[in-house]
Each structure stands twice: as C-alpha cells, then as structure tokens.
Amino acid sequence: METLTINKPSKTTDFLPLNGTDHVEFYVGNAKQAAHYYKSAFGFQSLAYAGPQTGVRDRVSYVLQQGKIRLVLTTPLKSDHPIAEHIKKHGDGVKVLALSVDDAYDAFKQTTSRGALPYQKPQTITDEHGEVRISGIKLYGETVHLFVERKNYNGVFLPSYEKMDSHYNPKATGLLHIDHCVGNVGWHKMNEWVNFYEDVMGFRNILTFDDKMISTEYSALMSKVMSNGNGYVKFPINEPAEGKKKSQIEEYLEFYEGEGVQHLALATDHIVETVTNLQSRGVEFLTVPTTYYDDLIDRVGHIDEDLEPLKRLGILVDSDNEGYLLQIFTKPVEDRPTLFFEIIQRKGAKSFGAGNFKALFEAIEREQDLRGNL
Ligand code: FE2
C-alpha cells in the first residue's frame, strides 16, 4: 500500500498561504472549438471572453466555469506568437496553474527568494471593476504557476475580459472543484520537483508511491503527492520507472515533447450521475475488466452505492483508513496521448486510489498498445 503521512506536521511555516486554484489556462490550437467541446461534453458554462473585440489584438481566450473550476482556453492569432511555438511543440495542453492568493507581490517575493525562476514580475492591472495583482513563477517544462490576487476586483474574470454571452448553454454535469492536478516530469526528476514544492512553495510530501506499488507486468512509474499547508492545493508529481516495456509517463513525455500536466482531477458529489452524463455527451473513459468488481466489496468494505451502475460505467473504488473514494479516468482529450481528466468523488478517503493503480495502468497499457507505444 501507499505510504500515508497525511498528519505529518509541517516542517515550515506557511509562508505562501493559498486560497485554492484560481484557474487553469490551456494553450490550444483552436480555442473556439475547444470551448465548444468543454461546454458540450463536460458541461462547462460560458463566463468571459478576451480578444480583438475587447482590445486584445494578438490572441483570443474563452473562460468557462463549472462549480469553482475555471478553465481558460487561449489561441494566438498569428504564427509568430510565442503561444504558437508552445502549441507547435506540445500540442494542446496546460500552460498555467493559477493559484489564488491574498498578496501576489509577497507570493512572488517568498518564492523567488527561495529559488523560483520568475515568469511574470508582480503587476497591478486595473479597469473600471477594480484592480487585480498578478505574478508568476516557472514550473516543470514550460508550465507556470501564476499567483492571482483579486480581493479588490469585481469584474467577470480579469481586466481585458468581458462577460461572454452565448445562446448555447448545455447543462452542467455536477463538477465542483479541482481535487488535484498531476505533473509528469522526466527520468529521475521527481525529487527535484518535490524539493521545489517543499523549499520554494512550503508544501509537504503527504504520500509516496514507489515503482513496486505502481507497476504492472510491463511498466512502472513513481509518484509523490505534494500538498500546501491548508490542503486546498495538491500536486502529485510522477516520473517514469524502468519496466519491461515503455512507461505511460515516458509515452507522455515523448508526445508532449517535454514535462507537463498529465491530468486534472475534478470532484463531484454524484459520480454515477456525472459520469452517466459525461458518457452520454461523448466523453471517453478507460474501462477495466468486469472481474475488477468481483472482489470489490471484500477489498474496500461497505459502500453506499449500488455496484451495478459502477460496473456499467467502469467507476473504480478504493479505500483508506478514513473512508473510500470513487474515481474514473478519461482517455486523452486530444489526439496526442497527453492530457486526460479524472472524475473523483471522495467519501472520507484522502488518498488517491493506489488500490486501483494496477487495474488502471493495465487499462492505460491496452490503449498504449493500440497506439503502438508500449
Ligand atoms: Fe489523480
């Protein structure tokens, strides 16, 4: 089983207090169509828009919201834009993990004085709705953390964005907030990024999975879960490990052409309803053999849900000593085998489904094999 050290006291004081995730920005080839996909398939709602009509001449961004989750989808308008380089290299993917803070200037000072590389120097942006203060630091690959302070702002999203009205508003699917966000880093780089989160961000390592725990007959990976002081923000970090065949992390690194965000886990309180809805709207999920359910109750103990819908949808269950969780993983949401989503419902459990890793990774390997990448 995993090493669970959730109650370990923090070694450092919380010099970087975080209020949670502010938003996640994707750089994509066609933001208009990506926005349509996340609205149609996942039930996100139109929130805001920036582009030539709002005075932004070089790119277009759509902001979508569901529960507390805000996605920003951004496309450059010309090929000589740095965002175009990003898309050419990585395909569609996550560029920005933006964190909500009370003081963006201090967040920048605290992290850069501890060794973070600056991405965006602190700046105050104002419009008729107030002021937003933003700063940013570099993360693994070309990914970045922005620190967003919006306590003196009451606009729809950020200055230069306007409310986005659409006549097409598919229903939400019950997604509430980002539970965790996982990064894939290169060979033997996991501890470097664990140290970064500990030393630079004041996070702590709450869970560790070694390659013995996360391996199938063919491939392996290692993972450490980093959490900030109040536990609002969790970033597991994966690295590939040696196996008989190619690790799924290696496949990601090859096709993303570098390190980056592997999956976003989105929380729901009604996973059967949410996943039924997502499936009917075309979201593709990984499936496990139905034998997975044969000894499920022996393995995890009593669960409130009927087994039949879980089995039909392919929802996985795992437990720890605080409760259980239900989870399911989508296939990659772009043609490169890179970013995917997890849908998770926690019923007490604070862990990440280690009991499902084998079944899950065998499912991923079947897909990898179909792509000729195993
Ligand atoms: Fe996850």
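Trainee: What makes Glu257 partly exposed?
Mentor: Its relative accessible area is 41%. Buried means under 20% relative accessible area, exposed over 50%, and partly exposed in between, with a 1.4 Å probe and protein chains only. Because 41% falls in between, Glu257 is partly exposed.

Trainee: Before going on, what kind of model is this, and which conventions apply?
Mentor: This is a predicted model, in which local features need pLDDT of at least 70, side-chain atom pairs count only at pLDDT 80 or more, and totals for chains, interfaces and linings use all residues. Residues are numbered from 1 along each chain as its sequence is written, and side-chain values use heavy atoms, with hydrogens and water left out.

Trainee: Where is Glu257, and what is its phi?
Mentor: Glu257 is in the loop between helix H5 (248-256) and E15. Helices (H or I, at least four residues) and strands (E, at least two) are DSSP runs, numbered from the N terminus. The phi of Glu257 is positive, about 55°, although Glu257 is not a glycine.

Trainee: Why is His188 called exposed?
Mentor: The relative accessibility of His188 is 65%, and exposed means over 50%. His188 therefore counts as exposed. The residue sits in the loop between strand E11 (175-184) and helix H4 (190-199), and has a positive phi of about 60° without being a glycine.

Trainee: What makes the buried residues of helix H3 line one face?
Mentor: In H3 (residues 104-112), the buried residues are Ala104, Ala107, Phe108, Gln110 and Thr111. Seen down the axis, they fall within an arc of 170°, so they line one face of the helix. The arc is that of the directions from the helix axis to the C-beta atoms.

Trainee: What covers these residues of H3?
Mentor: The cover includes strand E7 (118-127), strand E8 (130-138) and strand E9 (144-149).

Trainee: Why is Ser135 called buried, and what does it touch?
Mentor: Ser135 has a relative accessible area of 0%, and buried means under 20%. Ser135, which lies in strand E8, touches residues including Ala104, Phe108, His145 and Phe147, not counting residues up to four places away in sequence. Contact means heavy atoms within 4.5 Å.

Trainee: How do you know that the side chain of Arg59 makes a polar contact with the side chain of Asp58?
Mentor: The distance is 3.2 Å. A polar contact is a pair of N or O atoms within 3.5 Å; within protein, one must be able to donate a hydrogen and the other to accept it, and residues adjacent in sequence count only if both atoms are side-chain atoms. The contact between Arg59 and Asp58 is from side chain to side chain. Arg59 is in strand E4 (residues 59-66) and, at 30% relative accessibility, counts as partly exposed.

Trainee: What makes the buried residues of helix H2 lie on the same side?
Mentor: The buried residues of H2 (residues 82-90) are Ile83, Ala84, His86, Ile87 and His90. They cover an arc of only 155° around the axis, which puts them on the same side of H2. The face turned away from that buried side carries the exposed residues Pro82 and Lys88. Just after H2, Gly91 takes a positive phi of about 75°.

Trainee: How does the radius of gyration of the protein chain fit a compact globule?
Mentor: The radius is taken over C-alpha atoms, and the globule rule is 2.2 Å times the number of residues to the power 0.38. With 374 residues a compact globule would be near 21 Å; the protein chain has 20 Å, which agrees.
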